[in-house]
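Subject: Structure for your files

Hello,

Here is the structure, followed by notes on what was found in it. Please read the notes with the model open.

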Amino acid sequence: MKKYANSYAQEAYDAIVPLLGDIMAQNVLKVQSQRIGKTEDTLTPADMQKLAETIKNGLIIFLGADGAGKVAAQVARIK
């Protein structure tokens, strides 16, 4: 399991990993962070809502709307 130096990235990863596994969770976090102009190391509390939205859109195909929505809600709550 991946350990991030950035606590916000770690919490987002922890929300994703139970549903997608380690490698997919890392890739989702990396790609969706880049889509909002960040890296995993530069995420801040102000980024969590936007990150949650991009994660939801990216995961709908894998988890369906309900599953993606649950993950997004967990990420959006990170402060």
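Met24, Ile61 and Phe62 make a nonpolar surface patch of about 340 Å². Patches consist of residues with over 30% relative accessible area and no salt bridge, with like charges joined within 9 Å and nonpolar side chains (Val, Leu, Ile, Met, Phe, Trp, Tyr) within 5 Å. Accessible areas come from the Shrake-Rupley method with a 1.4 Å probe, and for residues only the protein chains shown count as cover.

This is a predicted model, in which local features need pLDDT of at least 70 and side-chain atom pairs count only at pLDDT 80 or more, while totals for chains, interfaces and linings use all residues. Residues are numbered from 1 along each chain as its sequence is written, and side-chain values use heavy atoms, with hydrogens and water left out.

Helices (H or I, at least four residues) and strands (E, at least two) are DSSP runs, numbered from the N terminus. Isoleucine 61 counts as exposed because its relative accessibility is 73%; the classes are buried under 20% relative accessible area, exposed over 50%, and partly exposed in between (1.4 Å probe, protein chains only).

The core

The largest nonpolar core has 24 residues, and those touching the most other members are Ile16, Leu29, Leu43, Leu51, Ile55, Leu59 and Val75. Two or more residues come from each of α1 (7–20), α2 (22–35) and α3. Helix α3 gives the largest share, ten residues. By a nonpolar core I mean a set of buried Ala, Val, Leu, Ile, Met, Phe, Trp, Tyr and Cys residues joined through side-chain atoms within 4.5 Å. In soluble globular proteins, nonpolar side chains tend to be buried together.

Isoleucine 16 is in contact (heavy atoms within 4.5 Å) with Ala25, Val28, Ile55 and Val71, once its neighbours within four places in sequence are left aside. Leucine 29, in helix α2, counts as buried because its relative accessibility is 0%. With neighbours within four places in sequence again set aside, leucine 29 contacts Tyr4, Ala9, Ala12, Tyr13, Glu40, Leu43 and Leu51.

Alanine 9 is in helix α1 and is buried, with a relative accessible area of 0%. Not counting residues up to four places away in sequence, alanine 9 touches Tyr4, Leu29, Glu40 and Leu43. Its C-alpha atom is separated by 11 Å from that of lysine 38, 29 residues apart along the chain.

Valine 17 is found in helix α1 as well; at 11% relative accessibility, valine 17 counts as buried. Apart from neighbours within four places in sequence, the contacts of valine 17 are Met1, Asp22 and Ala25. Valine 17 and valine 28 are eleven residues apart in sequence, with their C-alpha atoms 9.7 Å apart in space.

Charged residues

Where does glutamate 40 sit? Glutamate 40 is in the loop between α2 and α3. This residue is buried yet has no salt bridge, and the nearest side chain of opposite charge, lysine 30, is 6.0 Å away. For charge, Lys and Arg count as positive and Asp and Glu as negative, while His and the chain ends are not counted. A salt bridge is a side-chain nitrogen of Lys or Arg within 4 Å of a carboxyl oxygen of Asp or Glu.

Glutamate 40 touches Tyr4, Asn6, Ala9, Gln26, Leu29, Lys30 and Ser33, not counting residues up to four places away in sequence. Of these, serine 33 is in helix α2 and is buried, with a relative accessible area of 0%. Serine 33 in turn touches Lys38, Thr39, Glu40, Leu43 and Leu51, residues up to four places away in sequence not being counted.

The salt-bridge count comes to one. It joins the side chains of lysine 38 and aspartate 47, at 3.2 Å from N to O. Lysine 38 counts as partly exposed because its relative accessibility is 23%, whereas aspartate 47, at 12% relative accessibility, counts as buried.

Regards
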